[in-house]
Amino acid sequence: MSVGITIAPAPPSTSPGLKPFHLQAISAAAAISTSTHLANLDRLLQKSVAPLPPPPPPKIVEHRHRRPPPLSSLPDLPFFPFFSSSFHSNKQQDASGAGDQISPLALALLSDSARPSPRGSISASWRRYHGEGDWEGLLDPLDRHLRRELVRYGDLVHAAYRAFHSQPSRPPVDVVLPDRSYRVTRHLFATASIDLPTWLRPSPRTSWIGFVAVCDSEREISRMGRRDIVVALRGTATWLEWAENFRSGLVDVGNSAKVACGFRSLYKTAGTEAPSLSEAVVEEVRRLTELYAGEELSVTMAGHSLGAALAVLAAEEVAQRVPTPPPTAVFSFGGPRVGNRAFAERVEARGVKVLRAVNSRDVVPRVPPEGGGAGYAHVGKELRLDSRTSPYLRPDADPMCCHDLEAYLHLVDGYIAAGGPFRRDAKRSLARLVTEQSANVKKRYVSVAHAAAREKSTPASRLISRCSSASSPTIGSSLSIENVKIR
């Protein structure tokens with residue numbers, strides 16, 4: 001026997017452009033404990049396991065300050081959920097090379113003093129960077145302008161994660177964007193359609209999942225060659241979203257095209273006080289294209305994990321339903337397969353361009369399994385990364401690190417070409433990577449980062465001297481930041 005989920009009424013939106021939807025239904029239950037979550041799902045979803053290709057299934061956790069449960073406690077599922085963060089594992093830190101000299105560049109990156117790569121003008125060829133020609137000649141080696149654009153869109157997805165976890169019990173009042181050239185115009189919500197058994201405590205079905213933003217800076221518009229409309233979507237963060245991830249059966253969306261049941265549910269289901277993600281995205285993109293009619297426009301969907309799957313669904317529908325749609329592209333980080341081959345062909349036939357950044361060590365892009373009876377297939381072009389190329393990450397970094405969004409942006413920033421070394425002049429700071437993946441960053445860099453954080457006023461020359469002397473302090477478990485929320 002099961003009961004439906006009820007969402008308490010909320011005050012209506014008061015702004016035609018920015019719609020904050022203060023939903024009372026979105027409560028602190030969005031971040032329930034992992035152990036409770038897994039126990040509930042174990043009873044809810046009793047299915048047979050379809051074996052995954054190596055590496056072994058990852059440990060799953062929703063809060064960094066909680067240790068992951070043993071693999072034996074994971075529910076029997078057709079494929080593993082799309083994790084949206086990482087955990088601090090107990091594995092032994094690497095001892096090799098702990099006293100090696102650390103370069104001044106590494107010190108600058110670890111001290112959080114590095115700055116992003118300069119933004120060059122792409123106005124003359126922005127359509128190529130947005131996918132025209134399927135990024136031919138830009139991926140291997142990776143074009144420096146495309147690298148910078150990828151990292152910029154990834155940081156907008158980071159903003160969606162931070163905004164959600166800063167106020168998990170309600171929609172964020174304000175979304176702080178790392179790129180001030182953009183202005184948020186609408187909040188986006190995803191609603192699950194799952195009915196829960198009576199033994200499961202009622203919890204909200206609707207959660208804030210991202211935003212629509214538009215570039216408002218004339219200088220940036222001139223640099224990019226057009227006004228850009230961005231849809232940024234975070235990955236899995238609530239346990240109902242995890243449950244929807246497990247629904248891997250394909251549902252028909254017309255003309256032999258099929259998509260994953262759980263993804264379509266989150267995308268198409270409307271909440272009590274919020275429209276479906278589908279209607280909100282299409283409505284806002286249509287409004288903005290009408291508002292800026294006559295200008296050169298583009299639509300960019302950016303997402304990580306679950307958000308990457310939803311971004312593909314949104315891009316396909318925008319291309320179908322928005323009159324004279326602008327060039328539309330998806331920049332995906334660690335995204336799973338979304339539908340079958342017929343759906344992938346339909347996305348491409350609509351003119352939507354998809355660029356998927358994929359870590360070869362990440363299990364999520366390999367699920368649901370390709371081909372077979374289900375017929376799942378990826379869409380678009382792939383930028384293949386490998387976390388083992390990073391001089392900062394442990395070569396045996398755990399599966400959660402390999403799927404982590406910050407780790408993805410670290411790899412993109414350091415990528416040169418397939419089979420090539422890590423970029424020696426990488427610009428992205430390592431401070432956030434060390435904070436979120438301290439167990440997966442080589443010990444010597446964790447130690448130096450900790451020393452730099454304690455002594456921000458210490459001249460770089462003194463830090464270099466300390467590192468060169470092979471006497472960097474060893475930092476134990478106290479370095480882990482225990483109350484950082486998942487992304």
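In this predicted model, F211 touches L156, A159, A160, V175, L177, V184, R186, L188, V230, V231 and A232, leaving aside residues up to four places away in sequence. F211 also belongs to the largest nonpolar core, which has 67 residues; together with L146 and L177, F211 touches the most other members of that core. The element that gives the most to this core is helix 4, spanning residues 144-166, with 11 residues.

The aromatic rings form another part of the picture. A pair of aromatic rings is described by the distance of the centres and the angle of the planes. There are 4 aromatic pairs in the model. One of them joins Y153 and F331, which are stacked, with 5.1 Å from centre to centre and 15° between the planes. This pair links distant parts of the chain, since Y153 lies in helix 4 and F331 in strand 9 (residues 328-333), 178 residues apart. Y153 and F331 are both buried.

Another pair consists of Y392 and Y445, whose ring centres are 4.9 Å apart; because their planes stand at 65°, and an angle over 60 degrees counts as edge-to-face, this pair is edge-to-face. Y392 is in the loop between strand 13 (381-385) and helix 11 (399-403), whereas Y445 is in helix 14 (residues 443-454), so that the pair links distant parts of the chain, 53 residues apart. Both of these tyrosines, Y392 and Y445, are buried.

Ring pairs also link Y153 and F331 with W135 into a cluster. The charged end of R152 sits over the ring of Y153, 4.8 Å from the ring centre. Elsewhere, R234 lies over the face of F164, 4.1 Å from the centre of the ring.

Conventions. Residues are numbered from 1 along each chain as its sequence is written. This is a predicted model: local features need pLDDT of at least 70, side-chain atom pairs count only at pLDDT 80 or more; totals for chains, interfaces and linings use all residues. Side-chain values use heavy atoms; hydrogens and water are left out. A nonpolar core is a set of buried Ala, Val, Leu, Ile, Met, Phe, Trp, Tyr and Cys residues joined through side-chain atoms within 4.5 Å. Buried means under 20% relative accessible area, exposed over 50%, partly exposed in between (1.4 Å probe, protein chains only). Helices (H or I, at least four residues) and strands (E, at least two) are DSSP runs, numbered from the N terminus. Contact means heavy atoms within 4.5 Å. Rings of Phe, Tyr and Trp (its six-membered ring) pair if their centres lie within 6.5 Å; planes under 30 degrees apart count as stacked, over 60 as edge-to-face and the rest as tilted. A charge sits over a ring if NZ of Lys or CZ of Arg is within 6 Å of the ring centre and within 35 degrees of the ring normal.
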